[in-house]
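Please keep the 3D view open while you read.

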Amino acid sequence: MTDRDGLYGAVRFAKAALATPSFATLCGAELTLETVAAERHPELVEGRPSRPARPAKEVPTDTPRLVLIAADKTGYGNLARLISAAQLRGRKRDARLRLEDLEGRTSGLIALSGGRNGPVEKALLRRDPDAAVALGARLRDLFPGRFFLELQHHVRPEDPALIRALVRLAMKLDVPYVATNGVAYALRDDAPLADVLTCVKYTTALQTAGTLLRPNHEHHLKSPAQMARLFAEFPLALANSVAIAERCTFRLDTLRGEFPLYPIPPGETSAQSYLRTLVYQGTRERYAQPLDPKVERQLEYELGIIARMDLAGYFLVVWDIANAAKRLGVLAQGRGSAANSAVCYALGITAVDPVGMNLLFERFLSEERNEVPDIDIDFAHQDREKVIQYVYQRYDREHAAMTAEVITYHTPSAIRDVGKALGLSLAQVDAIATEYDATESFESLGSEVQRCQTLIEMCRRIDGFPRHMGIHSGGMVITRDPLVQVAPVEWATMAERTIVQWDKDDLADLGLIKIDLLGLGMLSLLREAFSLHRRRYGDAKASLSLAAIPVDDKPTYAMLQRADSVGVFQVESRAQQSMLPRLRPKCFYDLVMQVAIIRPGPIQGDMVHPFLRRRNGLEPVTYPHPKLKPILERTLGVPLFQEQGMRMAIEAAGFSPGQADRLRRAMGHKRSRAQMSEIYPKLVEGMMANGIERGAAEQLFHMLEGFADYGFPESHAASFALLAYASAYVKCHEPAVFLAAILNVQPMGFYSTEVLVNDARRHGVVVHPVEVNSSEFWSFVDGDGAVRLGFHIVRGLGEGQRARLEAALARGTFAHLDEFAERTELTKDALENLAIAGAFAVWFGSRREAMWALRGLDEREMRGELGRVMDVEEPAAAFAPLRPIETTAFDLWGTGLTTGVQPIAHFREILNAHGAIAAERLGLMPNHLVCKVGGMVITRQRPGTAKGFVFLTLEDETGLINVIVNPAVYERNRRLVRSAKALIVEGTLQLEQGCIDVLAKRFWALETADAIDGVHARNFQ
């Protein structure tokens, strides 16, 4: 496989071949040669591009190329280095290999001339035999005995002549030639799809693609017999293809990357001794002294496993990164299975005490598994870049890079891309794509779309295909040897980021170690809240921090029991809000279960309802077997966590922790029948040996099988529960601080800024609008405890204008509009958006007056200096006052929210005429009442576990309304439910354990003209 300028598909290609040992996978790449001297491109700085990524449609199709294939491990290292050099010299989608790059880096590489786009072939095609000889001779000398001229026959009229010319040149240069095929697709029938994907790449349509498309359908994988017929005149060309394959002994699956050595300070004898020192230093902060023997036993057990697996260096590197975050003032917290480790807790990487919570270490690390564990760390997302750049500086770009993420096609993206390639208009494509969300498969496409059979067939065929390569949310690869000779590296579209060309699964398959440095919006919110709290109260109140939040605050739990959790981490979704009044969390472990229960595992395993019935005393607590009581007692006999499934295997079947982890992995998403058939008898026999009858053992096995498929790690739930509780505490006790903080870290969470502001106002928070002489760039809490909105919420005033605005604000208040425009140097559009948002109310009686004044500024600017000194006093223009609904519309358009009345208040008369009941009155109505409700649609959800049910959240001026739509009703009203900005819904009221839902039967659009166009629902995410 020879991808262009990379090894993008090489890992998956090699992995697929493992099933057929006789199938040899050669690792190579087709590299783009630079055609213009570097001095002609001053915008390209060696080692760092100064321009953004080149758009895909601007990538030329006729640049000269050279094919390189790794014959051995040395060749592979050279290939990876050459790819990295070419990629890092240019910019994204603009790799530039120079022939001088090959000097001293060709050992172990076989070079092919490149086919019609090879430099030698291009010289022959333009009838320049001298250039062809010179280029061929240089490549021959760079690759002594390893350079081949390529013969390709795609049944073009000019192919026979080019092949004969190449054979003559080969004889003249005394180099071999080889038959290749320039394969672009597997089968001839794949050619139309390949053409469509080419059009997608170059953002054109088939009708206008012209020479971007291949001239015929001959670029498929041909059989040996077909190749023999095409090259009957040159049998040596076919023989050489076999000879090359035999020379290439390198296999990508043998590649392994080593983690970097961590520098050990004087006085320490090894990485392990230094790790032990740090761990026991950390215990003095984390645990009471003298150390509990149970804690010490666990630490020694874990340190022993780390030593035997030689992982001390890995833990030190992760500790170093976590420690750097503290030094940089970046709020951070480890999560995932690492929270099962007492060592990680003592090092300050994680925040959950695994000993106190009785968590299972082997869920994180097992000698029997014999692989490097995953340690994921969440950082405040607005500060995470500081940590990423620290890693680049600490280990340098030759040894560290971000992980790539392969973005694949789903229904909407496939419809849009293929539709445009087939020549459909944007309106036609949008009309089809907006009917479907990313969770729907192509099998569900309705009759309207079926009219375009070609579109549907193409979309079905690319379902799950790679669409483009992005950056992983936080994965970083760090290696001991230079990374650029282990995995090719290129620039990302984001500034200052370099990435490897493989995603996390590819890296795992090769055993390359990845650390996840993840951005978490809630940590940013908490960091912002703590800062705003200090600013608001100064020394009048104790500082707010994660450590200062009391562990068992009753008002906070009471708020959660009411499902008053808009904006609260992990428990703000519709499903979580429905669960909160049922589960009624009263302590931290209740919150751990709350976080974990709304997951596919408990839902699909039908464990939610038994758990709730037992918790509410509606059914007795029972256990599958008495031996399992200590494991399942906290969750009332119902397994909720992966660790419980592992402990069940340990206690009931006598499995070792490592065997239990193998069971968990075998019963995961990618099930291995071989592993299952090996584990099943051991599990059942182990249970029977422990006194469990065979029938009960079979039943336990099936329980584990169904549970382990989607079980949620208890350690992960506990890590998230800490942040859920902290965010709930801030919302409960400092709602104004919470609102300002969450506005400053948008986008995040389930709700728009309009919903967040309305929720805060219902909690008594006063919110003041943006005002030129009172606002700052970010929102804050003023001395009276009110939230003052910042310039950041105004349309078009993002981070790009922040420095300019803050510099102008630092010079004091503004006397008039002219001074504001002059000092801020904002664009005309930005000034108009501020006027629409009412930010100039201090100078003008209405927004229309402010807009008129801006027109005057524009006019004076157009007249120039002379015109400005000739200003004459004009009579003041009179404007009709804005109607209340117009003020609301201006607010929503300009800022996405309003500090005036909630938009639906303007339509209450219409809702009353329909007999719609306000949100705040629904809880007072009788259960099963057939009623109507109405409001803005703020969320639409269709979870994969919901069996086709759709969940809507409406907002009126009094609160939120939950609407449930069954699949049949949804299909009858699909277009209206998906597209209407506001709805009137008739259905049956359902009141159950504090939850209020409306089971929808009929829908009407609530006509709001353009009054709420500035509010955007969160749809199917």
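1. Before we start, one definition: two strands are said to pair if DSSP finds at least two bridges between them. Please also keep in mind that this is a predicted model.

2. Let's begin with strand β15, which covers residues 514-520. Of its 7 residues, 6 are buried, so the strand is mostly covered, buried meaning under 20% relative accessible area. Strand β12 (residues 466-478) runs antiparallel to β15, and 3 bridges join the two. Within this pairing, Met476 has Ile515 of β15 as its bridge partner.

3. β15 also pairs with strand β10 (residues 376-380), this time in the parallel sense and over 5 bridges. To find this pairing in the view, look for Asp378, which stands opposite Leu518 in β15. In general, strands of a sheet pair through backbone hydrogen bonds, either parallel or antiparallel.

4. Next comes strand β5 (residues 65-70), where 6 of the 6 residues are buried. Arg65, Val67 and Ile69 point one way, while Leu66, Leu68 and Ala70 point the other way, and all are buried.

5. Which strands pair with β5 in the antiparallel sense? One is strand β2 (residues 28-32), over 5 bridges, with Gly28 standing opposite Ile69 in β5. Another is strand β6 (residues 109-112), over 4 bridges, and here Val67 stands opposite Leu112 in β6.

6. β17 and strand β18 (residues 787-788) run antiparallel and are joined by 2 bridges. There, Phe780 has Arg788 in β18 as its bridge partner.

7. Finally, have a look at Asp159 in helix α5 (residues 159-173). Is Asp159 buried or exposed? Its relative accessible area is 2%, and because buried means under 20%, Asp159 counts as buried. A polar atom of the Asp159 side chain lies 2.7 Å from the backbone nitrogen of His154. Leaving aside residues up to four places away in sequence, Asp159 touches Arg116, Gln152, His153 and His154.

Notes. Residues numbered from 1 in each chain as written. Predicted model: local features only at pLDDT ≥ 70, side-chain atom pairs only at ≥ 80, totals over all residues. Heavy atoms only, no water. Buried < 20%, exposed > 50% of the residue type's maximum accessible area, 1.4 Å probe, protein only. Polar contact = N/O pair within 3.5 Å; in protein donor to acceptor, adjacent residues only side chain to side chain. Contact = heavy atoms within 4.5 Å.
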